[in-house]
Amino acid sequence: MIVNQQQVATGMSSALMACTGGAILTIHSANHLSFNGQELLSWLFVAYAVAGLFNLILALRYKLPIAGAHSITTVAFLSTVSIQLTLPQLTASFLMSGLIIAVLGFTGIFNVLFKHIPRSIIDAMLAGIIMQYILELIPSFKANPLVGLLALIGYFVAPRIFKAVPPIIGVIVFGLIGLLFTYTFPQVTPIAYEFPLWVTPEFTWQGLISIAIPIAVLILSNDLAVSLASLTKQGYQPPINRIISYSGIASALGSFFISHSINTGGMMTTVCSSEESGEHKQRYRAGVVSSVLCIIFGVFAWKLVPYITSLPQYFIATIIGFSLLGVFLNSMSSSFADTKNSFPVVFAFIISAANISFFGISAALWSLIVGTVLSVALRERKSKQRNEQ
């Protein structure tokens, strides 16, 4: 198989989305969840090496420009979870989310189910989850103005100079230049390679309600639905139910080794399936490039983690904030553009952004419940008023 320059460029761009800001966000989430070194390395290996292999197989099997690793939006959600769960309980939550996705794929009721949850409510929930990372850009900028300014310049300038380069690469490169002048890097201590860690799941109702269901919703709506829609938009005919089912099964299996998801990526697939990848029938090769790079990153993650963790917290927050900025803007624009659901959208956004759990149920799920109920109630009220008139 011969890969041309276009496919290499878009494939690299796709992989960098996951292997830069996505990897740093995963490490940040691991710290939030109090993972030790072995648990973190297990998570990274499965989320990149195994997930990359999964997407490589799909791309070659169906000759489709499929790419992905894990769900970055789900990692962002996990960084905000205030529910206290043990590692076995968290593993069970990941397992249950994968099974939910697999069942929805096998039964073919994915489209039917999501018709009852307005897309604007899901976008409002996601925007609320991400907002706190965006707000962290301000104190990060204050902590080191030079790094913040250069990162901002890199975000806007790099894509204009190199069209195939995602903005986050500009943030990292320009930000690192600022660090070289203002920060003394500590001595990096290498860590030993660790085999993926098997964890026996411990099922809880709290894990199902507060973790598994929100994760399934995020993966289905912001990764699988986006990737399948982008493929369809480019004139491909992806086996929708199979891809959803396979992603669910892969996620369920990966959960035993501390992985939140294994799935096709929304934006990663969008990049690989675009016209920039060249001839329509050969664009799947961009997906192959992306998947191979993710595999390599996952295999050598243990070498990279010490260098990533040596970076100052404000720089980590800067990278995470800029890596999620595009998703945040798209979610805000999409949610508040739905004028028919403006009131439910505001409530969904506020509840999600507040990140306060009630009765052991996470803010993300409350956001979906309240937003959907308000949307249905107001719709029925308006319908009743029209009938009375």
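1. Packing of α16 against α17. Helix α17 (residues 342–354) packs with α16 at an angle of about 150 degrees, the two axes lying 9 Å apart. Axes here are lines fitted to C-alpha atoms, for helices over the stretch in contact, and angles run from 0 to 180 degrees between N-to-C directions. Helices are DSSP runs (H or I, at least four residues), numbered from the N terminus. In this contact (heavy atoms within 4.5 Å), Met-332, Ser-335 and Phe-336 of α16 meet Val-345, Val-346 and Phe-349 of α17. These residues divide into 5 nonpolar, 1 polar and no charged; Ala, Val, Leu, Ile, Met, Phe, Trp, Tyr, Cys and Pro count as nonpolar, Asp, Glu, Lys and Arg as charged, and the others, Gly among them, as polar.

2. Basis of the model. The model is predicted: local features need pLDDT of at least 70, side-chain atom pairs count only at pLDDT 80 or more, and totals for chains, interfaces and linings use all residues. Residues are numbered from 1 along each chain as its sequence is written, and side-chain values use heavy atoms, with hydrogens and water left out.

3. The largest pocket. This pocket holds about 950 Å³ of space. A pocket is an open set of points on a 1 Å grid over the protein atoms alone, with protein on both sides within 12 Å along at least five of seven lines; a cavity is a set where a 1.4 Å probe fits but cannot get out, and lining residues have an atom within 4 Å of a point. The largest pocket has 33 lining residues, with Met-17, Met-267, Gly-326, Val-327 and Asn-330 nearest its centre. Helix α16 gives the most to this lining, 8 residues. By class, the lining has 16 nonpolar, 13 polar and 4 charged residues.

4. The largest cavity. The structure holds 3 cavities of 30 Å³ or more, and the largest cavity has about 50 Å³ of space; a volume is the space filled by probe spheres set on grid points, which are joined across faces, edges and corners. Among the residues lining the largest cavity are Leu-41, Phe-45, Glu-194 and Trp-302.

5. Ser-310. Ser-310 is found in the loop between α15 (301–309) and α16. Ser-310 counts as buried because its relative accessibility is 12% (buried is under 20% relative accessible area, exposed over 50%, partly exposed in between; 1.4 Å probe, protein chains only). The side chain of Ser-310 reaches the backbone oxygen of Tyr-307 at 2.6 Å. Not counting residues up to four places away in sequence, Ser-310 touches Tyr-183, Pro-186 and Val-188.

Notes
Helix = DSSP H or I, 4+ residues; strand = E, 2+ residues; numbered from the N terminus. Polar contact = N/O pair within 3.5 Å; in protein donor to acceptor, adjacent residues only side chain to side chain.
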